[in-house]
Amino acid sequence: MPFYQKINVDDKTAIFVWKITEEFNELFRAVSLKDISLARLEGMKSESHQKGFMAVRMLLQHNGYSDFDLYYDEFGKPNLKDGVNISISHSFDFSVIILSDKNSGIDLELRRNLIQKIAYKFAEEKFVYECENNSAEFVSKLTVIWGVKEAIFKVRNEIGISFKDHIFVQPFEMNDSKTTALLDFNSVKKEFLVYFTEIENYTLVWLWESE
Ligand SMILES: CC(C)(COP(=O)(O)OP(=O)(O)OC[C@H]1O[C@@H](n2cnc3c(N)ncnc32)[C@H](O)[C@@H]1OP(=O)(O)O)[C@@H](O)C(=O)NCCC(=O)NCCS
């Protein structure tokens, strides 16, 4: 049952990482699920997704919560009954949650060369042009940018946000481990503080709105 890592972000914010090495049955025996979650689990097409879903429940249980404390709004945003903010991500071998007093977003992505092919769909043109000449960091940076946009979407939970047209990531170097991003949507501008790190061949991004 590998709880993998806790990242202490600040006094009231922490990230919890689960590395999924268990078989389906081992996870299934270890989590208690309410009926609606059981139905969701049964409806999932891949075992990888099912295990990611259950590993999130393992992380909840690790923190004294259970699936019974978690509910979703109509758009799929997760909430905890006690009001602590939660954001969730899973990608193949890992599941992560962030627990915080702030409305935070988290995203975990496997770094894949394929991302270069779809960069034009979500990344700023200036960035794509500059990075094409430095392919070593291209995949790493693109994966951060993708993660930022997914995580902002999770914080704002608003229909109609376009990754390319409404979210702009401030240029950064991988060594910085942080940057900022701007959401410019529906005449409202919001700045986000962004942090990132790499775990094995995955990229982890977390963020929240700046004060
Ligand atoms: C919802 C979305 C952000 C999920 O991201 P993902 O990379 O597919 O998957 P992740 O594993 O990182 O995150 C999944 C978790 O996000 C959370 N989530 C889903 N919808 C959410 C929402 N509206 N708000 C906040 N969190 C949400 C859920 O907790 C979900 O996991 P769970 O259902 O097992 O609890 C993504 O699918 C999405 O819809 N993005 C916006 C659409 C878009 O613009 N896409 C790209 C255009 S180029």
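An oxygen atom of the ligand lies 2.8 Å from an N or O atom in the side chain of R40. This is a predicted model, where local features need pLDDT of at least 70, side-chain atom pairs count only at pLDDT 80 or more, and totals for chains, interfaces and linings use all residues. Residues are numbered from 1 along each chain as its sequence is written, and side-chain values use heavy atoms, without hydrogens and water.

The table lists polar contacts (pairs of N or O atoms within 3.5 Å).

| Side chain | Distance to a ligand oxygen atom |
|---|---|
| R40 | 2.8 Å |
| Y72 | 2.5 Å |
| D107 | 2.9 Å |

Taken alone, the ligand exposes 930 Å², and the protein buries 73% of that. These areas come from the Shrake-Rupley method with a 1.4 Å probe.

Who surrounds the ligand? The shell has 19 residues, each with a heavy atom within 4 Å. The closest are R40, Y72, S89, H90 and N157. By type, the shell divides into 9 nonpolar, 4 polar and 6 charged residues. Here Asp, Glu, Lys and Arg count as charged, while Gly counts as polar.

β5 (85-91), β7 (104-110) and α6 (135-156) each supply at least two shell residues. α6 gives the most, with 4 residues. Helices (H or I, at least four residues) and strands (E, at least two) are DSSP runs, numbered from the N terminus.

Domain 1 (3-102) and domain 2 (109-209) both give residues to the shell, so the ligand lies between them.

Note on methods:
Polar contact = N/O pair within 3.5 Å; in protein donor to acceptor, adjacent residues only side chain to side chain. Domains from an automatic or database assignment.
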